[in-house]
Amino acid sequence: MEKEHILTIANTIRTQLTMSVQPDVLLSWGISEPIATIFHDMPALAFQVEGRLFKGIVAIAYNAMDLYEVYLVSKDSENCVSDEVYADQLGDIIDVAIERGTDPEEYDAFCRAQLALLVTGNV
């Protein structure tokens, strides 16, 4: 696979991801170390996250079906979150997997507790 092709795909993924997610949501993931790479023989963008529910690497790979595959990779495991993701779904799928979870009430309670800690200076 050509280096330019991998870089182009990774840049496209980055652009589509940042356009589909509010900046505060992206910040909540604790993203670092983004790289263009090959993941499971597909061009991909991978980055480290420090989310509430998952800490490790998120890999977004571009497959032959013109869709994305989203993986969570840690030292001990690899989990395919979804192998049929459209560009406009990337942010929501990743946020549910690493930060927000599937219970809106639980996540709202967590956010209120974090806000209380910030307001009282206990962080």
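View 1. At 45% relative accessibility, histidine 40 counts as partly exposed, a class between buried, under 20% relative accessible area, and exposed, over 50% (1.4 Å probe, protein chains only). Histidine 40 lies in the loop between β1 and β2 (42–50), where strands (E, at least two residues) and helices (H or I, at least four) are DSSP runs, numbered from the N terminus. The phi angle of histidine 40 is near 50 degrees, a positive value in a residue other than glycine. The model shown is predicted, with local features needing pLDDT of at least 70 and side-chain atom pairs counting only at pLDDT 80 or more, while totals for chains, interfaces and linings use all residues. Residues are numbered from 1 along each chain as its sequence is written, and side-chain values use heavy atoms, with hydrogens and water left out.

**View 2. Glutamate 33 in strand β1.** Glutamate 33 is found in strand β1, which covers residues 32–39, and its phi is near 55 degrees, again a positive value in a residue other than glycine. With a relative accessible area of 60%, glutamate 33 is exposed.

View 3. Five strands form an open sheet in the order β1-β2-β3-β4-β5, with antiparallel pairing, two strands being paired if DSSP finds at least two bridges between them. The edge strands, each pairing on one side only, are β1 and β5 (78–85). Strands β4 and β5 pair in the antiparallel sense over five bridges, and valine 73 stands opposite glutamate 78 in β5. Helix α1 packs on the sheet, touching β1, β2, β3 and β4, where contact means heavy atoms within 4.5 Å. Helix α3 also packs on the sheet, and there it touches β2, β3, β4 and β5.

**View 4. The largest nonpolar core.** This core has 20 residues, of which Leu17, Trp29, Val58, Ile60, Leu90, Ile94 and Ile98 touch the most other members; a nonpolar core is a set of buried Ala, Val, Leu, Ile, Met, Phe, Trp, Tyr and Cys residues joined through side-chain atoms within 4.5 Å. The elements that give two or more residues to this core are α1 (3–20), β2, β3 (55–62), β4 (68–73) and α3 (90–100), and α1 gives the most, with four residues.

**View 5. The surroundings of tryptophan 29.** Not counting residues up to four places away in sequence, tryptophan 29 touches Leu17, Val21, Val49, Glu50, Gly51, Gly91, Ile94, Asp95, Ile98 and Glu99.

Notes: Axes are lines fitted to C-alpha atoms, for helices over the stretch in contact, and angles run from 0 to 180 degrees between N-to-C directions.
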